[in-house]
Amino acid sequence: MCKGLAALPATCLKSAKDIKHKIGFLLQKPDPPQEQKSLKEKEKKKEKEKEKVTVVNRVPLAEIEKWKTSFNNLIKNEDGRKAFTSFLQSEYSQENIEFWEACEDFMQTSVDKMNVNAIKIFERYVEADSPSEVNLDSATRELTRKNLERCDASCFEEAQSKIFTLMEKDSYRRFLKSKLFLELSQPPLDNKPCCLEKKGKRHVSECLPSYA
């Protein structure tokens, strides 16, 4: 008849406890490496960025006609930047216009805050694998890094110019052919704002005509 665990020798009990401890240790889920954690955090941050939508109000047609003539006319106009930003959000590449705007703001920064702001911009947009990394060649990236040492208003001049050219030759051309731009170019039906639709969700008014 079984007498239970009390009848077993002390050495057997100790061995059983050791085995139980080892099995429990093996079954514990190991913490992911720090690099893996950082990657997941970046992915979550990008997902949140994708949820942002910029609402674009109706703009006079005469102003929109100017946007067609040059990218500079578009990006230097507040409504133009909003429309372009909304388009870039639909392509998940809004980091380019965000970086360009950050550089514009940086040039107006007071001298006492310039160094701190420069580091923030670099770490967010320029540094390799940064949260909102823009598409820069390694030479420009390294030049910008060195510019931080003598931080002044021209610190991001080269990098900003490269991103401006990238948007002008790539995204701007697609923007002019986009559904959003075609809708903005139509005579207004009412005073409601217009914007882009995201997959599965309607974020905007019904005011605009539909295009196939």
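Biologist: Which pattern does the protein follow when it is read along the sequence?

Modeller: This is a predicted model, in which local features need pLDDT of at least 70 and side-chain atom pairs count only at pLDDT 80 or more, while totals for chains, interfaces and linings use all residues. Residues are numbered from 1 along each chain as its sequence is written, and side-chain values use heavy atoms, with hydrogens and water left out. With helices (H or I, at least four residues) and strands (E, at least two) taken as DSSP runs numbered from the N terminus, the protein has ten helices and zero strands. Read along the sequence, the pattern is α-α-α-α-α-α-α-α-α-α.

Biologist: What percentage of the 212 residues of the protein count as buried?

Modeller: A residue is buried under 20% relative accessible area, exposed over 50% and partly exposed in between, with a 1.4 Å probe and protein chains only. By that cut-off, the buried part of the 212 residues is 33%.

Biologist: Among contacts between residues at least 6 apart in sequence, what percentage join residues at least 24 apart?

Modeller: A contact here means heavy atoms within 4.5 Å. Among the contacts between residues at least 6 apart in sequence, the part that joins residues at least 24 apart is 64%.

Biologist: At what angle do helix H5 and helix H9 pack?

Modeller: Two packed helices are described by the angle between their axes and the distance between the axes. Axes are lines fitted to C-alpha atoms, for helices over the stretch in contact, and angles run from 0 to 180 degrees between N-to-C directions. The axes of H5 (residues 78–90) and H9 (residues 157–176) lie 10 Å apart, and the angle is about 90 degrees.

Biologist: How many nonpolar residues does the contact of H5 with H9 have?

Modeller: From H5, the residues are Ala 83, Phe 84, Phe 87 and Leu 88, and they meet Met 167, Ser 171, Tyr 172, Arg 174 and Phe 175 in H9. Ala, Val, Leu, Ile, Met, Phe, Trp, Tyr, Cys and Pro count as nonpolar, Asp, Glu, Lys and Arg as charged, and the others, Gly among them, as polar. By class, the contact has one polar and one charged residue, and its nonpolar residues number seven.

Biologist: Is Phe 156 buried or exposed?

Modeller: Phe 156 lies in the loop between helix H8 (138–147) and H9. Leaving aside residues up to four places away in sequence, Phe 156 touches residues including Phe 99, Phe 106, Ile 121, Phe 122 and Leu 148. At 2% relative accessibility, Phe 156 counts as buried.

Biologist: What is the phi of Tyr 92?

Modeller: Tyr 92 is found in the loop between H5 and helix H6 (95–106), where it is partly exposed, with a relative accessible area of 41%. Its phi is a positive value in a residue other than glycine, near 55 degrees.

Biologist: What is the phi of Asp 129?

Modeller: Asp 129 lies in the loop between helix H7 (111–126) and H8, and with a relative accessible area of 56% it is exposed. Although Asp 129 is not a glycine, its phi is positive, at about 65 degrees.
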